[in-house]
Amino acid sequence: MSTPLLSIKGLTKVYPGVVANSDVTFDIGEGEVHALLGENGAGKSTLVKAIYGLIRPNEGTMEWRGQPYAPSAPAQARATGVAMVFQHFSLFDAMDVAENVALGMDNPPPIRELAAQIRKVSNDYGLPLDPDRLVGDLSAGERQRVEIIRCLLQNPQLLIMDEPTSVLTPQEVEILFKTLRQLRAEGRSILYISHKLEEIRALCENATVLRLGKVVGRADPRQESARSLAEMMVGQTLHTPSRETPDFGKPLLEVSDLSVASPSAFGTALKGINLTVRAGEILGIGGVAGNGQDELLGALSGEIRAPSGMVRMAGEPVGQYGPTARRAMGLLCAPEERLGHAAAPDMSLTENALLTGAWRERLVNKGFVNWGKAKGFAETIIKRFDVRTPGPHVAARALSGGNLQKFVIGREILQRPSVLVVNQPTWGVDASAAAAIRQALLDLAQGGAAVVVISQDLDEILEISDNFAALNGGRLSAPRPVQGLTMDQIGLMLGGAEGDTDVAA
Amino acid sequence: MLRLEKRPSPSKAWNFATPIVAVLLTMIAGGILFAILGKNPFEAIKLIFWDPLFSEQFAAYSRPQLLVKAGPLILIAVGLSIGFRAGIWNIGAEGQYIIGALCAAAVALGFYPGEGWYIFPLMIVAGAAGGWAWAMIPAILKTRFNTNEILVSLLLVYVAEKLLAAAATGFMRNPQGAGFPGSRNIHQYAPASNQELIVGTGLHWGVVAAFVAVIFAYILLQRHILGFHVQLAGQAPRAARFAGVAPTRLVLMCMGLSGAFAGMAGMFEVSGPARLISIDFNAGYGFTAIIVAFLGRLHPVGIVLAGLLLALTYIGGELAQFMLNLPAAAIQVFQGMLLFFLLALDVLSNYRILLALPGRNPEAA
């Protein structure tokens, strides 16, 4: 066997209180597309940061073509031939493409020369990009191209890509894959980080699976099924929901063939969404961010109007109603973005309690606000949901993310909804608060409400939902009972392939 | 180097202090400006801020003028402040003020020389309706075609000025005026006249209307859900939509209200202090009211105080022109500086200024 391009031997990185990587060993060959698989927190990011020279490992060595390799800074890694495309772009909106590329280079050539180089690379690799355009006007996919081209201009031997497709449309993914295959054909290696199993099966010839910082499996993804990869990734045991399948009541929320355009230019339109949630049921909706989660919440809350029959509350059409009318009927929502959407940052908690509680809590009489009552409602939320704050007079933006989340969820739950829709209910919330929020959602369903939980945290969905559906590119898969659901099926549903097999079956 | 650090909560103290600091800074900068113009800065500042109220020589004339000037400023500013709080920028109050005056004058001239108690109330309605309608043009263009209300409302001021000129020299010209531009003297036509209510105070119906508007705005903003929604829309538009606020309705309401108030101000002016429709009828109240609204922190009570202060600079400015030969533009610069300092200082209610000494880079720690 020839010398691998990069070989990692026994790499260990310990942070205070947590072992991020433990004795990680694997090789990346020349011209190989190597997948690094693992759940959130499995240690993938730490590992690639070590390769890119952003952190120093505590133990272990790396070899580059047989020579010791221990980069102390990204510049050194780049000089060796390692380039990295980050999951979160580091671009300046107000500058054009060429200027942004120049900012990321160690010795940028004059801008005009650079623009010519960018045109050439973008032509050679089929990544259309105009160097004169402002980055602020680009789509997520085009922004990623800026990062990729910035890397390619350094003529790297190893390209590291961290979750490159999470922000891309299917068409953009196709273009990206074509480029990556071309790079491989040129003999370059790619380290590809993802948890999308189908992509990895389509692209990579080797995979290293990490779990809790350790290598738990190696495989040729082309020979494996999505199921076996998923099982390697999450371990054998799937969490079984702690409560028994209750008897569901009558349907409280029905969405039929809901198609609406996104209000934002880069949003995802909803296409033919169907779902039914019955009294006592929790429906979990999974999917990668940007696949229509915000739009679905908006269409259910009433911020996005739809033809009346597309959304029904207890049989009554409500699609044409705005948020106030839907709230009056008992359909409440808690959006993902806490500051600026669920709550007004500069307003006090009392005012924020009034924001959605005005009518159901009777904080308003003939249009006049009863501030005493609003303050009382805010105090109740603070007490019942253990919101840590000096009092209801505090501005929402002064609260920590977790505390504000408890306030927002509490505000809706205390209004006794008959249907509650939450997006990312425990995002950025510490473990104990997250458990409290999940328990509150379970209790709400136990009490006969229909609950929709939109979340990117699969564990959370599997823990509390009765049924699971996946949102992908604005389409929702047919919901399935969580009990008995395999990782294989979940992976397929998240990949958007599930709908077709269902129709065929 | 100076560094700005965002405060966890907006500072209440600075919120109150900024208008006062802004006025002081304006006095200092204005004093420097006057000194450069070769005038004694202390005398000029005293002439503007002190003499109109307290000098024996001028006070008898100037003091009533305070309410005469403050009335329209406050009435217009209160209307504007509601829209400004919602993030709806009606910059064209001057135009709505002119149109309101023209509509009210049309009613008065239409009834001339008839009698009837209903003529004056009808003029108020006409003035409000005229201002409202003029403000509806940018409002509807915004809600239908997403045009920028700042530009449209501002440009409509110049259209209104042309209409005013046409009225004064043409269709509203006094048939007994020997061909001079200007309408009949509405102030002297009793059923349409906006009289001084208490002699020697300057108090006329427009001042009364301004105070009613202040109370109305106070209750709306502090006690009514609509006022809450206005503020919500201004601070967090997405949260406002989530709360059920319809942006279109809000634009129509805020533009309409500010237009109606400006139109009413125009009505009281043309039937009172201005006496008639003339080419130079508008005195910039609609623009100065923007300063009044911000100087008053968009708060109804603050607007009363700011309106009185700006009225003072008008009167004092005239005095300074007359006594010191200061150019009229100097007073406008003075008013503009006030808004400039105020907006600049506003940063302090949301940010703290930190002095980062070179060599002690906080990032490096």
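A residue is called buried here if 20 or more other C-beta atoms lie within 10 Å of its own, exposed if 12 or fewer, and partly exposed in between, with C-beta atoms placed from the backbone. The model is predicted: local features need pLDDT of at least 70, side-chain atom pairs count only at pLDDT 80 or more, and totals for chains, interfaces and linings use all residues. Residues are numbered from 1 along each chain as its sequence is written, while chains are lettered from A and ligands numbered from 1 in the order in which they are written.

**Stop 1: helix H14 of chain B**

Select residues 328-345 of chain B. The 18 residues of this helix should span 26 Å at 1.5 Å a residue, and the end C-alpha atoms are 26 Å apart, which agrees. The expected span is 1.5 Å times one less than the number of residues. Helices (H or I, at least four residues) and strands (E, at least two) are DSSP runs, numbered from the N terminus.

Now show side chains. B:Phe334, B:Gln335, B:Leu338, B:Phe341 and B:Leu342 are buried in H14(B). Look down the axis: the buried residues fall within an arc of 125°, so they line one face of the helix. That arc is taken from the directions from the helix axis to the C-beta atoms. On the other side of H14(B), B:Ala328, B:Ala329 and B:Ala344 are exposed.

Which helices cover the buried residues of H14(B)? The cover includes H1 (12-36), H12 (285-295) and H13 (300-324) of chain B. Contact requires that the C-beta atoms of two residues, placed from the backbone, lie within 7 Å.

**Stop 2: helix H8 of chain B**

Select 205-223 of chain B. Buried here are B:Trp205, B:Gly206, B:Val207, B:Ala209, B:Ala210, B:Ala213, B:Val214 and B:Ala217. Their cover includes helix H4 (59-85), strand E3 (203-204), helix H11 (247-271) and H13 of chain B. H13 is also among the helices that cover H14(B).

**Stop 3: a cis peptide**

Go to B:Tyr112 and B:Pro113. A cis peptide bond joins them, with omega about 0°. B:Pro113 sits in the loop between helix H5 (93-111) and helix H6 (119-145) of chain B.

**Stop 4: all of chain B**

Zoom out. Chain B has 15 helices and 4 strands. Its radius of gyration is 22 Å, close to the 21 Å of the globule rule for 365 residues, so chain B is as compact as a globular protein of that length. The radius is taken over C-alpha atoms, and the rule is 2.2 Å times the number of residues to the power 0.38. Of the 365 residues, 48% count as buried.

**Stop 5: where B touches A**

The contact takes 18 residues from chain B and 25 residues from chain A. On the chain B side, H9 (225-235) and H10 (237-243) are the elements that give two or more residues.

**Stop 6: chain A**

Colour domain 1 (6-234) and domain 2 (251-504) of chain A, as the domain assignment gives them. Those bounds come from an automatic or database assignment. The domain centres, taken over C-alpha atoms, are separated by 35 Å.

Finish at A:Arg65, in the loop between strand E4 (59-64) and strand E5 (67-68) of chain A. Phi is near 50° there, a positive value in a residue other than glycine. With 15 C-beta neighbours inside 10 Å, A:Arg65 counts as partly exposed.
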